[in-house]
Structures are given as C-alpha cells and as structure tokens.
Amino acid sequence: MNLIFDTHSHYDDKAFHDDRDILLPHIFENGVYAVVNQGTDIASSRFGIELAEKYERVFAAAGLHPECLNEKSINDLEEIKRLATHPKVVAIGEIGLDYYYDVPRELQKQIFTAQLDMARELDMPVNIHDREAHGDMLQILKEYTPKGILHCFSGSIEMARDIVGLGMYIGIGGVVTFKNAVKIVEVVRNTPLERIVLETDCPYLAPVPFRGKRNNSTYIEYTAQRIAEIKGIAVERVLETTKYNAECVYNINVKQ
Ligand code: NI
C-alpha cells in the first residue's frame, strides 16, 4: 500500500522538464500515494492543474508566492480564484511572507491576506510559506485563522504550539534529516504526530542521503524514518498518520 503523501511539491519546475512523464508514473509505483503541486504564479498554477488532469494522484494548489510578486500582482488574484474552482485544485498555495527577499513587505502582506480571504470565501485550505517573517506571520494567522499547513516549518517550539493551537498542520521536509538540524528536531519531538504532514518542496531540500541532489516524493521515506527515530515510533505509523492528516486537510481520498 502506498503511504507517502507529499503535501508540497513543484513538479512544474524546470528541473523536471526532461523526465517528468517518466518520473511521475515511477513515484506512484514506488510508495507514493498522492502529491500536491504548489502554484507560485499563474503559469505554475496552470501547469500544476495540467499535471493533475493527466495524473490521477497529482493534485494542485493555486496561488501567488511572495517571492513572485510585483505591483501588478493584485490583478492576478481574479485568475487564481478562477483556477481554484477546478475540481483538482485542493488548496490556495503557495502563499505567505518571505522577508529574505526584497519584495516590499506591505505588498507581500496585502497579497497574502487577500489570498487568505479568498481561501475562506472558497472554503479551501491554504499552504503557507514563512521565511524570516515569523512575527508578522503569527499575527496574521491569529487574525485570519485559516485551515491548512505551514510548510517547511522553521519556527520555534512555541510557534509550533501556537500553529497547532490554531488548528493548523506543520509541514516537515528533508531539513529534519540534515546533520545540523537542531530546532526542527525539537519541534518534531514536541509536536503531536496528529498535527504533522510530510512534504518534499521538490526539486529542492532533498533529505540525507540525497542532500543537494534533485528531490522527489519517494525520498519522503527518509524524512519519515528520521521522524520515527526522533519520536521513537515505527516508520509505518509516521507514514500512515501523516497520510491521514494530509487527506483530512486537503479533503482528498484516492482509491488504492
Ligand atoms: Ni515550495
């Protein structure tokens, strides 16, 4: 039985241009139950939908990533909303705040909160990106209380507790397997498995022993193994529970 649910991937990325149609059927024969491809702009959201139309176990999220914004992005919201009504679009994502990049913070907050409003209106979950913006992120999430996932979690144990308290899920990827990972290991130890989902963020952030290489959803096995080790439980339980969590948050159920 396939137990890997990759809640956050970018199979539209050019890193997959040469072999996408070989790789995707391959992963579904090698432990992967479902993947959600995240949109970063209109083009990638559309590409994700095309993949979802082609492959039964691929689902899409539509959204504007903070890194991809400019003054005209506000005009793109209407198209994102239209794309979000496609039957295989399961979330608004990848949306959020990224203070590492130079995109003006006020613009980021404006487009992020507009997409949180959109998700609420459409009764959909969100997939959220938060890089070096923990304070503003937490404040906005407390105000808007969306359903969904905080992906590639990089905050403190206290922040994880707040996110769980808001009814959201914590997305854990390859970073937890890195030798220098300390904070995220403590977050995993202290967060109930019932509030964790797994992800790749592929092609990026491949877990050890593939660190630095192109990532894909089958490598989630290594992330799950590390979580099992940290929590002192069986890897099957990690995979089963996180799959169930992802099915609940995205409201997906595919026949095995
Ligand atoms: Ni991403």
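Q: How are residues sorted into nonpolar, polar and charged?
A: Ala, Val, Leu, Ile, Met, Phe, Trp, Tyr, Cys and Pro count as nonpolar. Asp, Glu, Lys and Arg count as charged, and the others, Gly among them, as polar. Here, the lining of the largest pocket divides into 13 nonpolar, 12 polar and 11 charged residues.

Q: What kind of model is this, and how are its residues numbered?
A: It is a predicted model, in which local features need pLDDT of at least 70, side-chain atom pairs count only at pLDDT 80 or more, and totals for chains, interfaces and linings use all residues. Residues are numbered from 1 along each chain as its sequence is written, and side-chain values use heavy atoms, with hydrogens and water left out.

Q: What is a pocket?
A: Work on a 1 Å grid over the protein atoms alone. A pocket is an open set of points where a 1.4 Å probe fits, with protein on both sides within 12 Å along at least five of seven lines. Lining residues have an atom within 4 Å of a point. The volume is the space filled by probe spheres set on the points, which are joined across faces, edges and corners. In this model the largest pocket has a volume of about 890 Å³.

Q: Which residues lie nearest the centre of the largest pocket?
A: H129, H151, D201, Y204 and L205, out of 36 lining residues.

Q: Which helices and strands supply its lining?
A: First the labels: helices (H or I, at least four residues) and strands (E, at least two) are DSSP runs, numbered from the N terminus. For the largest pocket, α2 (42-54), β4 (89-98), β5 (126-131), β7 (169-172) and α7 (183-190) each supply at least two lining residues.

Q: What is the volume of the second largest pocket?
A: About 180 Å³. Of its 15 lining residues, D123, M124, P125, K147 and N251 are closest to the centre. β4 and α9 (235-250) each supply at least two. The lining holds nine nonpolar, four polar and two charged residues.

Q: How do I read a helix crossing angle?
A: Axes are lines fitted to C-alpha atoms, for helices over the stretch in contact. Angles run from 0 to 180 degrees between N-to-C directions. Under 35 degrees counts as roughly parallel, over 145 as roughly antiparallel, 65 to 115 as roughly perpendicular and the rest as oblique. Take α4 (residues 105-122) and α5 (residues 134-144): their axes come within 11 Å and cross at roughly 30 degrees. So α4 is roughly parallel to α5.

Q: Which residues of α4 and α5 meet?
A: Contact means heavy atoms within 4.5 Å. K109, F112, T113, L116, D117 and R120 in α4 meet D136, M137, I140, L141 and Y144 in α5. By class, that is six nonpolar, one polar and four charged residues.

Q: How do α7 and α8 cross?
A: The axes of α7 and α8 (residues 220-231) come within 9 Å and cross at roughly 65 degrees. Therefore α7 is roughly perpendicular to α8. V185, V188 and R189 in α7 meet R226, I227, I230 and K231 in α8. The contact has four nonpolar, no polar and three charged residues.

Q: What is the phi of E132?
A: About 55 degrees, a positive value although E132 is not a glycine. E132 sits in the loop between β5 and α5. N251 also has a positive phi, near 55 degrees. N251 is in the segment after α9.
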